Amino acid sequence: MRILTKEEAKFIDQWAPTKGHLPLALLMENAGRGVAEAIVTATEEENRSLDVVIVAGKGNNGADGLVAARQLEEWGHEVRVVIPCDDKSGSPLFQQQLAAIEALEIPVLTLADGDVFEAADVIVDGLLGTGLQGELQGPILELLDRMEAHVDTYPDTLLVAIDVPSGLNANTGAVAEGTLGMDLTVTFGAPKQGMCLYPGKSYCGEIIVKGLGFAWETALLDESNEHFPTELITAELIDALLPEREPTYHKGSNGHTLIIGGSDGMIGAPLLAAEAAVYAGAGKVTTVVPSDCLRMLQTKIMPEVMTGSFGNLLHLRMHSSEKQAVAIGPGLGRNEETTTLVKNFMTTTEVPLVIDADALWALGHMDIVGHEFSKRERPVIMTPHLGEFARLTGLTIDSIEANRIEVARQFAIKYQVVLVLKGAPTVVASPDGLVAVNSSGNEGMGTGGMGDTLTGIIASLLGQGLEEVEAAMAGVFLHGAAADFLYETRHVGFMPSEVARQVPYIMTEVVGSE
Ligand SMILES: NC(=O)C1=CN([C@@H]2O[C@H](COP(=O)(O)OP(=O)(O)OC[C@H]3O[C@@H](n4cnc5c(N)ncnc54)[C@H](OP(=O)(O)O)[C@@H]3O)[C@@H](O)[C@H]2O)[C@@H](O)CC1
Ligand SMILES: Nc1ncnc2c1ncn2[C@@H]1O[C@H](COP(=O)(O)OP(=O)(O)O)[C@@H](O)[C@H]1O
Ligand SMILES: [K+]
């Protein structure tokens, strides 16, 4: 599913009345009606006339609220409007909609009018949408404080945001001081990027997407649009990506995946990756570890996985030849000899490659090795968490977190790699500038080995014939969705190996494939 930045929303806004021959007021009419419909649907069980307070700022977000007010009144609900201050200035459309509200004698109040929220069943936040700048202040902040106080006293009041909760940065998901957590956010066209990122994601409540009355994707195809696309990874998307199996397929058709990793004391990491690759459907899986770890691996690993050992570059090249996918890094350790060896291997091989954990460490700074990857025919997949990514780029973790989508996008374009930047949420960036934000996963996944499992799943899908970016997107979604299934009964204490075991069921039941 497509998600939108505020710049893209603005582009649509400008395209519609010019190239699209669609007046902005028409889009607003659809948006406002969408809000009214969502409110009626959410309160359907009560099936009675509602007392609705529309809190409207003076931009187009407020104007949407005024349309909703007009619509709800027509449907027989008791409606009043609250505006931040009495001066009644605002965007041209705000002023036009306000004139209509006044002509219809719908009450328009300010905070000076006392307890404006008294007896409200529904409070609608139309203070600020994608036009938010900086921190909240003045009467807007005061109104939000009063809304919060009312909802604290009357928790049954339904709190509905128009487009985004006021104070939420529609691009980054950052929230200004004073932003309120909503029951429902009714957004237009597509979710805004910041609604899919933390902390903003936690402030939206249920997200309902309402149409603008035209296929806005057409606007973004305009040649003057220079924004790179961002998507949300959902079950529907993954369903379309997963490899289909013909009745005649055999183990040779489903890819041979190789996992390179392990060191003394960290044999579990490649084991978890290899077993996850089996659960994700690989035709064959082989794991190779340093010779002194082989015996230990063999006593622990599931019988479906083949094993071997390596000690030099020739071994790594030999093991990786004729494999459909290779993942390198889980549990490798960081001694100098291994580091040099795997770095040489990674920068010279052409096999489909997933680079994780200590193999990322071995690369050092991306500016030094990145040009080797950009020469490849097929991009490598890199799967760093924030700490590993900070080391690869020299950026601070805070600066990555504050803008993970754009940082990931620039990295993938610059080095021509598929980047899986792990975290909450994980984002997948591809060399052509597309970024996909994962919608699955939960805090129960903060357990050692969870990343190794992801690496195995991605490598398995890559070996089964998915393109790099497809394997990365499908892998992160399945991994998170498997953990979400376990989260339903346990919020902590589920293990990476259990997540892996759940993956085939997710592939079958949730995604609906196979
Ligand atoms: N995309 C589409 O196709 C469609 C989009 N639509 C709608 O348009 C909305 C965007 O409208 P928008 O551009 O008018 O901006 P909006 O969010 O109302 O904010 C601007 C106002 O906020 C104020 N303000 C800003 N920061 C502030 C702060 N920190 N603290 C206090 N005040 C602050 C700012 O004040 P100023 O800086 O002008 O003094 C100005 O008055 C979008 O979210 C959606 O609802 C729909 O109609 C359907 C079609
Ligand atoms: N709060 C969370 N929400 C969603 N996913 C999470 C959360 N915490 C961890 N994860 C996921 O768990 C995995 C952890 O990977 P990583 O840090 O590499 O673990 P390890 O090195 O122990 O294998 C990543 O896929 C990450 O996205
Ligand atoms: K709002």
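User: Which element gives the most to the shell around ligand 1?
Analyst: This is a predicted model, where local features need pLDDT of at least 70 and side-chain atom pairs count only at pLDDT 80 or more, while totals for chains, interfaces and linings use all residues. Residues are numbered from 1 along each chain as its sequence is written, and chains are lettered from A and ligands numbered from 1 in the order in which they are written. With four residues in the shell around ligand 1, the top contributor is H3.

User: Which residues come nearest to ligand 1?
Analyst: A residue is near a molecule if its C-beta atom, placed from the backbone, lies within 6 Å of it. There are 29 residues around ligand 1, and those that come nearest are Gly59, Asn60, Asn61, Gly129 and Gly131.

User: And which elements give two or more residues to that shell around ligand 1?
Analyst: Elements here are DSSP runs numbered from the N terminus: helices (H or I) of at least four residues and strands (E) of at least two. Those that give two or more residues are helix H1 (6-15), helix H2 (24-42) and H3.

User: Which residues come nearest to ligand 2?
Analyst: Let's turn to the other ligand. Ligand 2 has 16 residues around it, and the nearest are Ala424, Gly441, Met445, Met450 and Gly451.

User: How is H3 placed against H4, roughly parallel or oblique?
Analyst: Axes are lines fitted to C-alpha atoms, for helices over the stretch in contact, and angles run from 0 to 180 degrees between N-to-C directions. H3 and helix H4 (residues 92-103) have axes 8 Å apart and pack at an angle of about 25°. Angles under 35 degrees count as roughly parallel, over 145 as roughly antiparallel, 65 to 115 as roughly perpendicular and the rest as oblique. H3 and H4 are therefore roughly parallel.

User: Which residues of H4 make the contact with H3?
Analyst: Two residues are in contact if their C-beta atoms, placed from the backbone, lie within 7 Å. H3 brings Asn60, Gly62, Ala63, Leu66, Val67, Ala69 and Arg70. They meet, on the side of H4, Leu93, Phe94, Gln97, Leu98, Ala100 and Ile101.

User: What is the bridge partner of Val82 in E4?
Analyst: E3 (residues 78-82) pairs with E4 over two bridges, in the parallel sense. For Val82, the partner in E4 is Leu109.

User: How many bridges join E9 to E18?
Analyst: On one hand, E9 (residues 230-233) runs antiparallel to E1 (residues 2-3), joined by two bridges, with Arg2 partnered by Glu231. On the other hand, E9 runs parallel to E18 (residues 435-438), where Thr230 stands opposite Val435. The number of bridges joining E9 to E18 is four.

Conventions. Two strands pair if DSSP finds at least two bridges between them.
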